[in-house]
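Colleague: I would like to learn how to read a few features of a model. Please take them one at a time.

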Amino acid sequence: MELLIQGFGIIGIISGVGAYQSNHHKRILTLRIINELCFAIQYVLLGSIAACIVNLVVCVRNVAFRSYIQKGKCTKGLIILFTLLFILITAMNWPGPSGFIIMATKALSTIAFGSHDPKQLRLLNLASCFLWLAFNLVIGSYAGAFCEILSAISILGAIIRFDLLPAFHFKQRFLHRGTANAIRKV
């Protein structure tokens, strides 16, 4: 049974880290749904019903965002609804001061996944990773902390790959063309 439980965690980590290596919102959300579902199953097998419920709500949130964004609909109402829902769930299962970290991370990730822009999604989720990292260290979940470190590395790699390098290459081409045109005019 322990192997099965850890297997769900490993699949969750792989799909979660892999999600950020896409530049397509639909693919990112699909992999994150798999990630959250795997951890929901793992939490229920470990006896943590509250964590399972939060992860299942995240799955519903991500399915709703994926649908709205595919149809070109505004997600502001869903962002408000799910942010309030996460605040309510955290308040009902108040773990103490660490609950503020949970609220902040869920608010950030809800805004991130509700965004139509993969770049904004990456930046907000990077901030969320660091908050989850702090939370996991506070509660002693070193596997969770390891997962967040891997996610942060994956997001940083995606930021470099999808956001920084294309901008750098564009500037290089522009500068090169400008220099070539200036030389031709002389």
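This is a predicted model: local features need pLDDT of at least 70, side-chain atom pairs count only at pLDDT 80 or more; totals for chains, interfaces and linings use all residues.

Modeller: Residues are numbered from 1 along each chain as its sequence is written, and side-chain values use heavy atoms, with hydrogens and water left out.

Colleague: What is the span of helix H2, and what span is expected?

Modeller: Helices are DSSP runs (H or I, at least four residues), numbered from the N terminus. The expected span is 1.5 Å times one less than the number of residues. H2 covers residues 25-46, 22 residues, and reaches 31 Å from first C-alpha to last, close to the expected 32 Å. Just after H2, Gly47 has a positive phi of about 90°.

Colleague: Which residues of H2 are buried, and what covers them?

Modeller: Buried means under 20% relative accessible area, exposed over 50%, and partly exposed in between (1.4 Å probe, protein chains only). In H2 the buried residues include His25, Leu29, Arg32, Glu36 and Phe39. Their cover includes helices H1 (2-19), H3 (49-70), H5 (98-113) and H6 (118-139), where contact means heavy atoms within 4.5 Å.

Colleague: Why does Ser151 count as buried, and which residues is Ser151 in contact with beyond its neighbours within four places in sequence?

Modeller: Ser151, in helix H7 (residues 142-185), counts as buried because its relative accessible area is 4%. Beyond those neighbours, Ser151 is in contact with Val17, Tyr20 and Cys129.

Colleague: How many aromatic pairs are there?

Modeller: Rings of Phe, Tyr and Trp (its six-membered ring) pair if their centres lie within 6.5 Å; planes under 30 degrees apart are stacked, over 60 edge-to-face, and the rest tilted. The count is four. The pair Phe39 and Tyr43 is tilted, because the centres are 6.3 Å apart and the planes at 35°. Both lie in H2, four residues apart, about one turn. Phe39 is buried at 13%, whereas Tyr43 is partly exposed at 28%. Trp132 and Phe135 pair edge-to-face, at 5.3 Å and 80°. These two lie in H6, three residues apart.

Colleague: Which charges sit over rings?

Modeller: The rule asks for NZ of Lys or CZ of Arg within 6 Å of the ring centre and within 35 degrees of the ring normal. Lys73 lies over the face of Tyr68, at 5.2 Å from the ring centre. Lys106 has its charged end over the ring of Phe86, 5.4 Å from its centre.
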